Amino acid sequence: MKILAIETSCDETGVTIFEASGGLRNPSFRVLANALASQAHLHKEYGGVYPSLAKREHIKNLPILLERVLKKIKQTSRNPVDLIAVTSGPGLEPALWTGIVFAQNLAREWGVPVMPVNHMEGHIFSVFGDAKKKFTIPGQKFPVLSLLVSGGHTELVLVRDLMKYQVLGETLDDAAGEAFDKVARMLGLPYPGGPEISRLAEEARMKEKQDLKGLRSARSARTERFSSRKIAFPESSGFSFKLPRPMIKSPNFNFSFSGLKTAVLYLVQKIGPLDDAKRRAIALEFENAAVETLVAKTARALEAYKPKTLIVAGGVASNKYLRAEIKKAAKKTAPGAKVLFPGKALATDNSVMIGIAGYMQYLKRKGKTPNPARIRAEGTMRLSA
Ligand code: KG4
Ligand code: ZN
């Protein structure tokens, strides 16, 4: 069957047309046409997503993207598709409504059903997706553990069986991506901040390595002992600091990033004008702190539930350092478990993942869909069993 998938929960407008076939045990997908419009450049000056601007842009983009994808597919019947899948939550409600209303109107015009999709379930399925090649979802051994890290969410979800979810823990305040974005703003870096912080932290790690190499050769000449902590940022004229790892030791699966963010704010106020070296140092220590926290809680859940597969998804899953540290932790605490990340294009918000989740829900509910007119945006929608 052909599926039109629509995503508008945040600042990306996504429209995809799929060919989907097979049952719950062997679903198979091929993306026929895919269009994505990012509004990130427009939200830059606000340092985050501005809901009414997001809404306006989605309304403007949706018909343009739809026309683009419809042009690309061969129409074999009167209706271009057999099913519409649309994100209904969680996310920014004004933004979610634009996609829902658009889907409702198309459903009326074409006489096709609409499947509402949980955005987070989309992120979980994103690790199997491919916007370019045909793909299938391989059978899984359960439980599966998912770390979902995006601009709006940070949660550890246990998938007990196919599409049966239990949220083990979540952030009590800011989401991980939100903390990256806010810290980037404090450092005078553009939105979205994650990639910027990550780039600076990577540079700092490279420099640290080079400096260590230099010091090591100097040391072997002088045979002196040295503390790696003190020389962490020699380029910043002896300035050294440590940021907190909030809740890292608490015996649960919850997260908190607001204290870490505030610690950066105080630090920035204390050390006065920022230069590149200071920015790099803060980015490095912030990324270390955020990643250590995410990894520590994930390792705790790996130990407790012994999953066969670990899925890490959401925008922050594109972070290279997080990927490397998660792999290390999984090797140690859950040897033999598979670790899956989304491909680059499917880590941040997109409609490919919404189409996958939409088809899976359609199969799970044996083709039953709600009355399109009754579909509502639910900003705080949760994953459930
Ligand atoms: O999943 P996503 O596209 O949107 C939401 O559903 O929120 O995630 C966007 C978030 C932003 O906060 C962005 O800064 C963050 O993902 N992000 C990153 C990286 N790339 C994107 N965070 C850390 N490191 C990255 N490389
Ligand atoms: Zn998302």
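T171 is buried in this predicted model, where buried means under 20% relative accessible area, exposed over 50%, and partly exposed in between (1.4 Å probe, protein chains only). The relative accessible area of T171 is 16%. T171 sits in the loop between β9 and α5; helices (H or I, at least four residues) and strands (E, at least two) are DSSP runs, numbered from the N terminus. A polar atom of the T171 side chain lies 2.5 Å from the backbone oxygen of D174.

The model is predicted, so local features need pLDDT of at least 70 and side-chain atom pairs count only at pLDDT 80 or more, while totals for chains, interfaces and linings use all residues. Residues are numbered from 1 along each chain as its sequence is written, chains are lettered from A and ligands numbered from 1 in the order in which they are written, and side-chain values use heavy atoms, with hydrogens and water left out.

M163 counts as buried because its relative accessibility is 2%. For M247, phi is about 65 degrees, and the residue belongs to the loop between α6 and α7. M247 counts as partly exposed because its relative accessibility is 23%.

Cis peptide bonds were also examined. One joins F142 and P143, with omega about 0 degrees; P143 lies in the loop between β6 (135–136) and β7. Another runs from Y191 to P192, with omega near -10 degrees, and P192 is placed in the loop between α5 and α6.

H123, in helix α4 (residues 119–125), and D349, in the loop between α10 (344–347) and α11 (352–364), are 226 residues apart, and the pair links distant parts of the chain. Both H123 and D349 are buried.

Ligand 1 is surrounded by 19 residues, the closest being G151, D181, G194, N319 and D349. Oxygen atoms of ligand 1 lie 2.8 Å from a polar backbone atom of G151, 3.1 Å from one of G177 and 3.0 Å from one of G194. On its own, ligand 1 has 550 Å² of accessible area, and the protein covers 92% of this.

The largest nonpolar core has 49 residues, and F286, V312 and L322 have the most contacts inside it. A nonpolar core is a set of buried Ala, Val, Leu, Ile, Met, Phe, Trp, Tyr and Cys residues joined through side-chain atoms within 4.5 Å. Elements that each supply at least two residues of this core include β7 (144–149), α6 (193–222) and β10 (309–313). The largest share, eleven residues, comes from α8.

Conventions. A residue is near a molecule or strand if one of its heavy atoms lies within 4 Å of it. A polar contact is a pair of N or O atoms within 3.5 Å; within protein, one must be able to donate a hydrogen and the other to accept it, and residues adjacent in sequence count only if both atoms are side-chain atoms. Accessible areas come from the Shrake-Rupley method with a 1.4 Å probe; for residues, only the protein chains shown count as cover.
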